[in-house]
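Q: I would like to learn how to read a folded structure. May we go through it one feature at a time?

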Amino acid sequence: MNRILLILAFAAAALHADESKHRIIGISEPSRVDDLRELVKTIAGVELVNVDPATTEIVLRYELSALFPSINPKKPPAEEAITQKLDSLLKAASRGTFTLKPPATLAEDKMEKIEIQAGLLDCMACRYGAYIAIAKLDGVEHASISQTNLLTAWIDPAKVKREDLLAALKKGRVEVLTP
Amino acid sequence: MMRSLVFIFACTGLQAAMPTAFFDTHCVECHDADTRKGGLDLTSLKQNLGDEDNFALWVRIHDRIELGEMPPKKRERPKRDEMIAATTQIAKSLTDAEQVDAESRSGLRRLTRGEYENTVRDLFDLPGIALQAGLPADGSAHGFDNNSDALDISHVNMAKYIEAADKTLDMAIATRPTAPPSSIERLSLAGNYEPDIMLMQGDAVLLRDKKHDPVMPPAGAYAHVNQGAHESLGVFDRMSSVGVFRHEDESWNAYFRRFAALYPGRYRVRASFWSLQWDKGQILPSRGVEAARLSVVQFNENGRGGQHPSYVLGYYDAPSLKSQIHELDVWLNFKETFGFNVASLAPVVLYRVGTWGQLDRTMGYTGPCIANDWVEVEGPLYDVWPPRAHQLLFGDLPLTEFKEGRAPVRLPLKQEITGARNKPEATDKTVWTVQPEQPLIVAGRLLASFLPKAFRRPVSDDIRKAYVAKCEERLKAGDCFETAMRWVYRAALCSPDFLYHVEPAGRLDHQALAARLSYFLWNSTPDETLLAQNLNDSKTLHAQVERLLKDPKSQRFIEDFLGQWLKLRAIAANDPDKKLYPEFSPYLQDSMVAETRAYFRELLENDLAAGYLVQSDFAMLNEKLAVHYGIAGVSGPKIRKVKLPKDCPRGGFLTQAAVLKITANGTTTSPVVRGAYVMARLLGKPPQPPPPNVPAVEPDVQGATTIRELLNKHRNNSACAGCHAEIDPPGFALESFDVIGGFRERYRSNDKGDKAPRGSIDPKIPIGFKLGPAVDASGEMPGARKFAGITDFKTMLAADKHLLLKNLAQQFLVYATGRPVAFSDRAALNDILTKTEKQGGGVRTLIHEIVQSPLFQTH
């Protein structure tokens, strides 16, 4: 009898604590990883398992019952709905500075690395502003900005080009020193 | 051709006998049909004194003979007995004519917009309800808007009175059993749309612990990028202080948009300010005490956009590096918040790199800065619930849950201002209202209390019953008690008993006298204390005048009276030319008005004599005005009494910047306009309007010709010379002052002239004007009284204290009684003056004597 109960408990745990892998937009520079960790702690039922700043891939653990309080165990939500829910929770907690997108499908060696030296950006928020101008473009797989305002982006060359990045920066009023 | 006047002056009734022999001997030679000197033909002058214009003409004839101005000095002088006989005869005719028409002299008059608003505020204890702007503008007669001649009423007025009554009742009637929760909100200037733009661009800087906040360093060569990113990352949410370099202008105002009042009521506001000298990123002690301005802003619609209506709460000290907290009690209406401005700073815009000589925006700038740590709003504050306004309408009836029938209308309260974070508390849909078991009996009781207060006099049973009948009618129609009573109260607030000054003919009764006194000195309804006094007792009346003058509400009298007597309401009628007067600012303008009001208060408090109207050894100044006047040693925005240096041309109303600005057009000054103002407002001798078809004298702003030279040509015309000999001299004396009241020895020019020195103009303000011809402020008053300049002129005027006092008495009387001073009032007026002068001739004494006089106490 005890063994049956134990099996049931494990089954319940497996049902209610799942993990999912995503890419995240918002890690403009290493210090933003700490921001992300602190922020996820404020979301009930969600845990940050792992984050790779280089690829901006993260693993989130979550309790379905926390994400969907009125869930019907017989009809678990689709993966897409779970991602949407996690995304909306992250956006709300971060005032839109962190958003999820699906894991990369393009191999690293197929990506093109582009570096752009931005002009004087006075603060972290300015750097974030420059970063987000390109990070949200379709075809930018992941991006970052250094303390010296060097923007680095790994792009899918089939979808986006350097000129597109420069145009996005210009639209965001970011001075570019090395076009 | 000279005809005898005997035949013409054979008149009856209103056409009483005139001194025909005197006219024949001394006047007709110049004033007959052929000569018509000054446009006056005595041989054809109508004798009908019932005609208003004709009556006024005869008064002028009387006055000019009495003052010895006619016959002119160069002609043979009539004997004194002859003159007295002639003027006595004319005076008798004029007085008799007025007595015939005495009953209708003081018409029924309604409340002015200002009186209406103040009456509602005081009656309902809603001290900040804003009604005035929704009512049609009042007219003006005899210099004031509370004159019956100017106070007509139309269907437009009535429609607006209904709206105003509804607004009042909406605010007065409590709709919940407990008061709205009071909260304390500490607001940072950062986090609000417009200030954030300035922080991004470099016209403001985020500060923390008296240093710049490392999270957002001052903008350098480039502006900060992506305002949304800064907002999202919470850069503006750290309750950091904000140092502002940029003065507000047409395109930028700093509003605290994160708060907009939901509940109209009293709020306690604290604000923390300090100042600094910014030197390319370094924070140094400031140049002195700077002035930070707080205003109340009334958002339009959902608050988007700028340039919302506002009024100034005050100018507050921002001392160097050390924060100073200011606390004030404020009434806020729905959708109101606060605005901030660096009032004492020059209009510098840093984000236009290079425009003002600075490089790299904030990091390349050196100059003054005013910092706001926070503004804290506590409220709404109620000392009783339901509030007094509700108690006035419904006494102590309990608010209970509405059960059945047609419920009173309740609109859901919501925050309408985009970006405001304070929201209404969540409430259920329960409707709370008053529901007495015997509504008509209660209605009678409530109205017996309300109507006398609203109508400012006892109300008969018949009138009260008529209002109760209205309530009964609405109850029968299915309205609940609150709605039915709302109809009744709205009817009362739109009735003549409320809207009009109801005064009996002849001597005022007790209530009418209390009301007249209260509207004179408070611009509002009498309070219970005043109505409870026996005002027929002169000592009691004196004591009540003192009480009213000492009450803060007397400030309304000062503001309303000066607004009209000295035309202070027109202070913003024009904006000075920016090239000619670049140092002008709204802060300077507000300081001007504050000076004139404070000066009048000083005359009143210390009962100073009429000579002080034009001359004094002190002025009421703050730093802004003191610098403007070239007086050293005054620091900060607070107005205070300052002793003037011996050679200073200031002192008295005439040389106050407010008066000098009001009498100019923003570009040039005209001795004619200023002279006419002095004659009408200070000397009580309003000049006649100019004859038709005479072109105005246009000043030359190119700097080639002075206004005096232009006027001289005009005065050579004999038709103009007579009047201008009287009008122009006061204006010539005031030529020493420019359009913003600055002292000048040379005219400013935007074309020809010499390079102008900076003087006291802020070093951040570029100078584009030049110095043109020299000012000549000399002149000659009638009677060969010459003056060399403004100081001489003021001394000359101050010597005639009787004339100044007489004019002030007339102005007070017109304002206090709502009717002009009639010819037949002159004896009573002289009595007032004699009694006042015996006691030293002070302004406060004058008010007492006016209130005690039959002119004040009769309709």
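This is a predicted model: local features need pLDDT of at least 70, side-chain atom pairs count only at pLDDT 80 or more; totals for chains, interfaces and linings use all residues.

Q: How many helices and strands does chain A have, and in what order do the elements run?

A: Chain A has six helices and seven strands. Starting at the N terminus, their order is α-β-α-β-β-α-α-β-β-α-β-β-α. Of the 179 residues in chain A, 28% are buried. Among the contacts in chain A with a separation of 6 or more, 59% join residues 24 or more positions apart.

Q: How does one describe the packing of two helices?

A: Two packed helices are described by the angle between their axes and the distance between the axes. In chain A, the axes of helix 5 (residues 124-135) and helix 6 (residues 162-171) come within 9 Å and cross at roughly 135 degrees. That angle makes helix 5 of chain A oblique to helix 6 of chain A. The crossing of helix 5 of chain A with helix 6 of chain A is right-handed.

Q: Which residues make the contact between helix 5 and helix 6 of chain A?

A: Helix 5 of chain A contributes A:Ala130, A:Ala133 and A:Ile134, and helix 6 of chain A contributes A:Leu165, A:Ala168 and A:Leu169. By class, this contact of helix 5 with helix 6 of chain A has six nonpolar, no polar and no charged residues.

Q: At what angle do helix 9 and helix 10 of chain B cross?

A: The axes of helix 9 (residues 439-455) of chain B and helix 10 (residues 461-476) of chain B cross at roughly 140 degrees and come within 9 Å. Helix 9 of chain B is therefore oblique to helix 10 of chain B. Helix 9 of chain B passes helix 10 of chain B in a right-handed crossing. The residues of this contact of helix 9 with helix 10 of chain B divide into eleven nonpolar, one polar and two charged.

Q: Is B:Val659 buried or exposed, and where is its place?

A: The count of neighbouring C-beta atoms decides the matter, and 20 or more within 10 Å make a residue buried. B:Val659 has 27 C-beta neighbours inside 10 Å and therefore counts as buried. Its place is in helix 19 (residues 657-662) of chain B. Beyond its neighbours within four places in sequence, B:Val659 is in contact with B:Leu566, B:Thr596, B:Phe653 and B:Leu654.

Q: Is A:Glu79 buried or exposed?

A: A:Glu79, found in helix 4 (residues 79-94) of chain A, is exposed, with 10 other C-beta atoms within 10 Å. The C-alpha atoms of A:Glu79 and A:Ser20 are separated by 8.9 Å, although these residues are 59 residues apart along the chain.

Q: How many residues does each chain bring to the contact between chain A and chain B?

A: Chain A brings 18 residues and chain B brings 15 residues. The side of chain A that touches chain B has nine nonpolar, five polar and four charged residues.

How values were computed: Residues are numbered from 1 along each chain as its sequence is written. Chains are lettered from A and ligands numbered from 1 in the order in which they are written. Axes are lines fitted to C-alpha atoms, for helices over the stretch in contact, and angles run from 0 to 180 degrees between N-to-C directions. Helices (H or I, at least four residues) and strands (E, at least two) are DSSP runs, numbered from the N terminus. Angles under 35 degrees count as roughly parallel, over 145 as roughly antiparallel, 65 to 115 as roughly perpendicular and the rest as oblique. A crossing is left-handed if the near helix is turned anticlockwise from the far one by less than a right angle, and right-handed if clockwise. Ala, Val, Leu, Ile, Met, Phe, Trp, Tyr, Cys and Pro count as nonpolar, Asp, Glu, Lys and Arg as charged, and the others, Gly among them, as polar. A residue is buried if 20 or more other C-beta atoms lie within 10 Å of its own, exposed if 12 or fewer, and partly exposed in between; C-beta atoms are placed from the backbone. Two residues are in contact if their C-beta atoms, placed from the backbone, lie within 7 Å.
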